[in-house]
There are 2 protein chains.
Amino acid sequence: MNIKENTQKLKKLQETMHAYKHALGLLYYDAVTGAPKKTTASRGATMGVLSEVEFKLMTEQDNINLVNEINENSSDYDAQTAREALVLKRDFDKISKIPMQEYIDFQLLVNESDDIWHTAKENNDYELFKPYLKRLIDTSIKMTKYYDSNKDPYDVMLDEYEKGYSVKDLDPYFESLKENLLPLIQKIAAEPKPDTSFLNKSYPVEKQRILSDKLMEIMGIDRNHCAISETEHPFTIDFSKYDVRITTHYYEKMLASSIYSVIHEGGHGLYELNTADELQYGTLANGCSMGLHESQSRFYENIIGRSKSFVHILLPILNDLFPEQLEGIDEEKLYKALNKSEPSLIRIEADELTYSIHVMIRYEMEKMLISGNLSVDDAPKAWNELYKKYLGVDVPDNAHGILQDSHWASASFGYFPTYSLGSAYGVQILSAMKKDIPVWDLVENGEIPKITSWLSEHIHKYGRMYDPKDMLYKACGEKFNPDSYFNYLKDKFTKIYNL
Amino acid sequence: MNIKENTQKLKKLQETMHAYKHALGLLYYDAVTGAPKKTTASRGATMGVLSEVEFKLMTEQDNINLVNEINENSSDYDAQTAREALVLKRDFDKISKIPMQEYIDFQLLVNESDDIWHTAKENNDYELFKPYLKRLIDTSIKMTKYYDSNKDPYDVMLDEYEKGYSVKDLDPYFESLKENLLPLIQKIAAEPKPDTSFLNKSYPVEKQRILSDKLMEIMGIDRNHCAISETEHPFTIDFSKYDVRITTHYYEKMLASSIYSVIHEGGHGLYELNTADELQYGTLANGCSMGLHESQSRFYENIIGRSKSFVHILLPILNDLFPEQLEGIDEEKLYKALNKSEPSLIRIEADELTYSIHVMIRYEMEKMLISGNLSVDDAPKAWNELYKKYLGVDVPDNAHGILQDSHWASASFGYFPTYSLGSAYGVQILSAMKKDIPVWDLVENGEIPKITSWLSEHIHKYGRMYDPKDMLYKACGEKFNPDSYFNYLKDKFTKIYNL
C-alpha cells in the first residue's frame, strides 16, 4: 500500500472528475447565457455522453477500491487527502447504488426540464411544467431510496444540501422562526411604508451594467477571474477558483433588483475566489455546504449591503449614475427604501425580514410533495394558500407563484431551507467577526475587502474541508443558534419602523 | 463480421467523439466570448483531460480495428457509413503516429498561444508572441513528419485543410492570380477613389447590433439554432447543425466591417445549418473542406453581399437605422463605396479584388516559415516587404501587420490559401447556379433563402460526403478552374472604375 502513489492517484482521479464537471457546468452555463433557444436536444446528446463517463468514474471498481483503502487507513494520509477520500466515498457510495441508465436519464430529464421551466414561466403555463415536475419528484424520491431506503426521502434530500440536517432540525427551526418573526411581520404590514417609488423610476440597463461593475469593484472581486453575465434567474457557477461566473437580471424599473442580485452572487463568488489554491480541481474546492454558501451571499447582500454603512457609500455611486432619478434622496430615505419590509410574492425580491417566510413556505411545500400528501395538480393551490396564510398576499398567477424559482426544475428538492439557514449562520458569523474587526467602520470606509479577508481566513479558504456544523463551530466558536438571527432582525426592523 | 453491429458501433463511436469535440469547442468559444481574462490555466487543465480522451478514442486498438474492418469491406456498408469509416481512418492513421503526450502538449500550446496572441495584438507586442510562433511552427512541422515523413511539411499542412491540394496546385494558381489581378489592382490604385467617408461616421454599436439581427433575418438564418456574439476576430463554430454560433466585431466608425463579418460568418453558418440531419453527431457533419466552407461564406459576403442587387435591399434597412449618417447616399454611391478597391493593410477589411493578394502574401510567408527559409525574427520584416511589393503599402506596426490574424496562434498553417480557393470556387458555383435560378432577381426581391436552397441541395446537405475536388465537380459539373473568378473580378471592377 503505497501512500504516496495512492495520494497521487486520488489527485489524478479528482482532476479527471473536475474536467467533466467543468465541461458539464459550462454546457449548462452556456445554455442559459449565449446558446440559441432550440439547442436542448443537441446539448443533451453531449451531456449524455459526458454524464455517462462521470458516472463510470464514480462507480469504477478501481476508483472505489482506492477511495476505500485511503478511508480505511486515513490516519496515514495528509489531512486533505483523507478528507477528499471521505467526501468522495460518500458520493461514490450513493451513486454506485443507482443503475447507470437511470442516472443518465435523470441528468437528461433535468436538462430538458430546466428548458421547459423557462418557457413555462415565460408563458405563465404551469400545465406545461406539471408533468416534468411530477417526473422530477418521482425520480428524486426513487434516487433517495437507492441512497438509503431506511430514511425518509426528504431527510435524504435535506442531508444532500446541508450535511447533518434533517426535518428534526428544521421543524423546530422554522417553528421558532414563525414565533419570532410572524408577529413583527404582521405588525409592520399594518404600518405606513417608506417611499420606494424612486427605485421604480426608469434606470437604463446600460447604466445598471456600469453599476454592476462598480459594485463588484467595491466588493473587491477580481474581474480577471470573475465575469458577470445576464440570465433569467441570477446564479453563480465556478469552474475553479480561477474562473468564477456570476449572473444578474436587469429590470429597467427595479433598480434594487440587480443591485442585490450582484451583491448576493458576488458573495458566492468571493467564497469560491478565496478557497485555498491547494484544494483546486479537487472535491473540496467548492465551499462547505449550500447553507454556508448562502451565509456568505446573504451576508454581503443583507448584513452588509442593506446596512446604514453601506448606504453611505452606495448613495454617491448611485447619484453619479442616476442624478435625476435620485434627486432629493438622502441616506436615510435610501436606507429605509432598501429595507422596506412588506409581505410579497417573489422570494428573490423579498426583504430581509420576510425572506425566510418565503423559504419556509417552500419547505412546507416540499415536505408535502415528497411525502405524497400533495399532488402536482394541487400544488399551485397549496402554494397560493400558504402565501395567503403566512404573508397575507394573493398570488395572481403561477409565474408569480409556484413557477418563480428554477430549483425544482433542476430537481433541487431540499435546497431551499439552506437559504434560511444561511441567513441565520450569517448573523452568527457577524457576531464572531465583530470581536476581531470594526465591521461597520470598514464598510463606511469602503474597506469591504478587509471583511472578506476575515471571512476567507475563517471560512472561505477551507472549502469543503469540514461538514457544515463543524465549519460553523470552527468559524464562530459556538454551535448553530438562530437566536442571534431572530434578535438581529427584530432589532433592525423595530428601529426602522419606530415600533 | 456483423455489418449492422459494426454500423452501430461506428455511430456510437462518432457520437462519443462528437461529445468531446463539442465540449472542447465550447471551452474555446467561451474563452473568447464570456470568460474572464486570466482563466487560461484553469481551462487548460480541463482541456488537457478531455484532449487526452479524444486522443485515446482515436488511437484505441478496438476503434482502429473497427474502422479498418469497415474500410476493407466498404462495399458491404451503406454509403454514409463507408465514407465515415474512410474519413475516420485518415484521421486515425495520422494521429496514431503522434505520441500521446506530444498531442496533448500541442493542444495546450495552442490554447496558451491563442491567449498570448490576443494580448500581443492588443499591445502591438510581436516579441511577446514570437517565441510561441516559433514553437507553433516547430511543433507543426514535427507533426507533419509523424504524418508523412516523405512529403514536404507544407504540402502535408495544405492537404490538411484542402484535401488533394499541394504547392503543385497552388503555385500556378497564385502565379495566374498575380498575372490576372495585379495589373488591374495597380491601375485602380492610381484612379480617384469613390467617397467612402460616410461609412466612417459614427454608427452606435447598439444600432449595429440591430442591423446584425436584420442581416441574419434577410439571410434566412434560423435564430433558434444560431446565435451571434462579439469577439476580437469574427468566426463561426458549430456544435451541431442545431447549435451554430457566429461572432462579429463592432467598430463604431466602420459600418461596413461588421456588416460583412456578419454576412461572411452567416454564410458559414448556413452551410452548417443545412447539412443533412442524418449526418449529425458524426464525422461528416461539418462541411466538405475549408475551401468549400470559405466558398460559401465569401459567396454571401461578396458575390451576393457586395452586388448591386443586394445594395438595393440593404440601403432602405440602413436608412431606417442611420438616417442622419446616410443622408444623400443613393444606391450607386453605396455600391461604389462598398466596392472601393484599394491596396490596404488588413485582410479581413480588404475589398474583393485585393483580398486574394493578402492571402497570397500569407501563402508565401508560410512557405518560407515552414521551409526554414525565414526565421520568426525576420518574419515581421518579410511581411512588411511583401505588403510593400504587392500592395504598395507601408505597414505601420505589427498589430496591423503580422499580428492581425489569429490563425497562426492556433497553428493553422496552410489554412489561408483556402480563403482564396473558396473565393474562386464561389464564382464557379455562381455560374452553375445561374443556369437554374435567376440569382439577381431573387436577391433584389429579398429571396436569398431561395439561393440558399440551391446551395443546400447542391452542396450543404452533403456535409463531408465528398472530397473537395469531387464536391466542386458534383456541384458545378466541371473541374476547378479559376478563370471565371479572375474574369468576374476584372469585369466587375473595370465597370466600377470605368476603365
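On a 1 Å grid over the protein atoms alone, a cavity is a set of points where a 1.4 Å probe fits but cannot get out, and its lining residues have an atom within 4 Å of a point. The model is predicted, and local features need pLDDT of at least 70, side-chain atom pairs count only at pLDDT 80 or more, and totals for chains, interfaces and linings use all residues. Residues are numbered from 1 along each chain as its sequence is written.

**Cavities**
- The second largest cavity is lined by B:Arg298, B:Asn302, B:Ile303, B:Glu352, B:Ser423, B:Val427, B:Tyr485 and B:Tyr488.
- The volume of the second largest cavity is about 60 Å³, a volume being the space filled by probe spheres set on the points, which are joined across faces, edges and corners.
- The largest cavity holds about 70 Å³ of space, and its lining includes A:Arg298, A:Glu352 and A:Tyr488.

**Interface**
- In chain B, 40 residues are in contact (heavy atoms within 4.5 Å) with 40 residues of chain A.
- About 2,700 Å² is buried between chain B and chain A, with 59% given by carbon and sulfur atoms; buried area is the accessible area (1.4 Å probe) that two parts lose on being put together, summed over both.
- Within chain B, the residues that lose the most area to chain A are B:Pro36, B:Ser42 and B:Asn224, together 19% of what that side buries.

**Salt bridges**
- There are 4 salt bridges between chain B and chain A, each a side-chain nitrogen of Lys or Arg within 4 Å of a carboxyl oxygen of Asp or Glu.
- One of them joins A:Asp30 to B:Arg245, with the closest N and O atoms 2.7 Å apart.

Note on methods:
Chains lettered and ligands numbered in written order. Heavy atoms only, no water. 1 Å grid on protein atoms, 1.4 Å probe; cavity = no way out; pocket = protein on both sides within 12 Å on 5 of 7 lines; lining within 4 Å.
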